[in-house]
2 protein chains.
Amino acid sequence: MKKVGVAILGLGVVGGGTYRILTEHREMYKKCHKIDIAVEAVLERNSEKALALGIEPEKIAKNIQEICSNPDVDIVVEVMGGVEPAKSFVLDCLYAGKSVVTSNKELFCKYSHELEVAAKKNHCGLFYEASCVGGVPVIRALLDNLQGNKILSMMGIINGTTNYILTKMSAEGSDYKEVLKEAQKLGYAEANPTADVEGYDATYKLSILSSLAFHTKIPYTKIYREGITDIEVTDIEYGKKFGYALKLLAIGKNGESGIEVRVHPSFIKNTHPLAGVNDSYNAVFITGDSVEDVMLYGRGAGALPTGSAIVGDIIYCATHSNYQYLTFENTEDASPSTKFVDNFESAYYLRLNATDRSGVLAKVAAIFAKCKISVAQMTQENSRAADGTVPLIFITHVTRENNVTKAVQMISECEEVAKVAAVIRVVS
Amino acid sequence: MKKVGVAILGLGVVGGGTYRILTEHREMYKKCHKIDIAVEAVLERNSEKALALGIEPEKIAKNIQEICSNPDVDIVVEVMGGVEPAKSFVLDCLYAGKSVVTSNKELFCKYSHELEVAAKKNHCGLFYEASCVGGVPVIRALLDNLQGNKILSMMGIINGTTNYILTKMSAEGSDYKEVLKEAQKLGYAEANPTADVEGYDATYKLSILSSLAFHTKIPYTKIYREGITDIEVTDIEYGKKFGYALKLLAIGKNGESGIEVRVHPSFIKNTHPLAGVNDSYNAVFITGDSVEDVMLYGRGAGALPTGSAIVGDIIYCATHSNYQYLTFENTEDASPSTKFVDNFESAYYLRLNATDRSGVLAKVAAIFAKCKISVAQMTQENSRAADGTVPLIFITHVTRENNVTKAVQMISECEEVAKVAAVIRVVS
């Protein structure tokens, strides 16, 4: 029986989960896949973590060189996160002829080119299913199932922390800050939540997924990004009345005028399959020109779901002799021939705090008309705020981004409007 | 650039869709996958169909031997359906050294063993993603993504015709026969709908999917099967009041007492992700011991969605040199060591037509108690039928199949009960 030696770099949540899956299922893999997968080494500064998992002390490597020179190690799992030292370690392993399985979206998104060059040069595999959407098989679906399609668009809920926070805000009517604290207590959000709540994590993943979908490098720096920190629960409530759920969506489109990539809070119709994706669940909704709509749904994070993706890659790597590399020109930057759309089209939800006197609506409507924005729905709520203003809410028809920017600017300058309190895109 | 010659056996809906995708995307595949895929031959009795698609007359083969001996053909797409002559043709092609991509669930489910032996012997690939759930990437997910899990259960809506019919019955309150006629007119149901509405098609697909999930051959003959032809719209309406949607579910479980496989109409809670899968959409909800819940959703049929799966397999076959075969002992029959559970556990919905007099409920309740069935909910409707009976509806707690069979028998024998009008399983 083929023996497969694995080394794990980092025994955090995902590293520990991977170790548990591999050791608990070792007999099953022998039986079902005819391979004997053994964890031969780990690299972890905190050796207590390794010992607590039951790893023999002699398997705890002192440094990356011990892993690279260990002839029993065939595949290295990198689950440290962050760019350095993960990047140097992965390159060291590839140059030592070890295949690499990584869950590191930031690393793969920023350095896929350099890592792939090293992998190809050394005839090693480089696998990264675990980098996006945990155990949900979206990367392989794009590589091996939907590759006959021209992918027209993808919309994803690809960050569990923000989806958990928005779901709780919606269900409980609580404020962002309150829910964030609770999420941190429960381990759904980090002590420093910036990467998640400001949408960086989602841009890394969207960079990887849209590059695969559109067959060209989409650097994360090209992705428009807006987080959820300014979301007020009152807008979630108003949105419900219009039949919308609020989600942090990662959107990629490949249209006639170019590629459009963006991460921002979005209202989506309650009847859309993504609207029902709640708590820390994730989903990617992909539209191809042949396959039409496909949605892949599941746990986007966690020790075992992400471990499942890593172990899937390990078994794939161990049972396939020819490794697959990205077939598009995988440079660090976008290809000069790729056109990006900045001034994208969207419908909008706008909430204004206006003085409660006649003529305000007429004035605002005139501004919309001037900016070529057509209003689909309007409500004026009776509830008067402490400052004496009343909320005026508009849902627009699809328009261009810069029309809205202009209108918001003009409306802000109206003396009857105290504040443009919320501007949220409505997607369909 | 690598040239890949394709032959298509059968130019029905899926064959025509596959041809269209391949020809329309030829330049895209050259650019994105560095392969030039050309349709070199077709086999179709009705040559008008081929000519209408724009296929040159010299590419229309007279018989399978012309395809087998054509050196330009590398991959044969079998989309004829049915067992013969598809089976002989596929074997001929494999023996001639051609890899085969098939959408034929009946063929693959019944003869996967014989076909795989032939494929291995001749170093050919045998691909069948299109056999289950159209363009939804469920087969590759089981083979290449979730293979590190012990799959605990799968529940699927894997037949588009029945899901369309049940969705319409539910939305419009129409009778089965009426909706079937409409579905036939629209092309969602065949003139002879038996394979779909009686659940045969779903058992073929469940046989394939559960064999992959549970790593052992699950013959379709081992699958409990019940179609939707006896479903009355009144039960769909009552189900709604209890918060349930009615779906034809294909269920596979791998528990401590063995493997359980079944296809039958099922009530499922409205909040379950499968409950929102409507019309001709399909979905498979898989639970693994590491990945937890994953759902794959999309079009389960149709020219282009199924064509998408076929073209995905063609590109995979053309870009991978080592083919993958089933790793479990893939015999025609189940392994003697596989234990199947017949007397499975389920909650139940029962509707009785009872005479409207006191004491009926007490009598029925006594029977339930005798049969060790615990009742979760009961409603007695006021509406009196033409025969003077009133409907009594019970939802039971989870119990064993044979307890319910016994109870139904005993209740039928009560003089106060005109009829046990419906017995529908409730899954969770």
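The dialogue below turns to confidence, the chain interface and the domains.

Guide: This is a predicted model, in which local features need pLDDT of at least 70 and side-chain atom pairs count only at pLDDT 80 or more, while totals for chains, interfaces and linings use all residues. Residues are numbered from 1 along each chain as its sequence is written, and chains are lettered from A.

Visitor: What pLDDT does chain A average?

Guide: pLDDT is the predictor's confidence in each residue, from 0 to 100. Chain A averages 95, and 99% of its residues score at least 70. For the complex, the predictor gives an ipTM of 0.95 and a pTM of 0.96.

Visitor: How many residues of chain A are in contact with chain B?

Guide: Contact requires C-beta atoms, placed from the backbone, within 7 Å. By that criterion, 46 residues of chain A meet 46 residues of chain B. Among the elements of chain A supplying at least two residues each are helix 7 (138-144) and helix 13 (303-319); helices (H or I, at least four residues) and strands (E, at least two) are DSSP runs, numbered from the N terminus.

Visitor: Which strand of chain B is joined to strand 11 of chain A?

Guide: Strands pair if DSSP finds at least two bridges between them. Here five bridges join strand 11 of chain A to strand 11 (residues 292-299) of chain B, running antiparallel. Within this pairing, A:Met295 has B:Tyr297 as its bridge partner.

Visitor: Where do the domains of chain A lie?

Guide: Bounds come from an automatic or database domain assignment, which gives domain 1 (2-134), domain 2 (138-299) and domain 3 (345-427). The contact between domains 2 and 3 of chain A takes 14 residues from domain 2 and 10 residues from domain 3.

Key:
Two residues are in contact if their C-beta atoms, placed from the backbone, lie within 7 Å.
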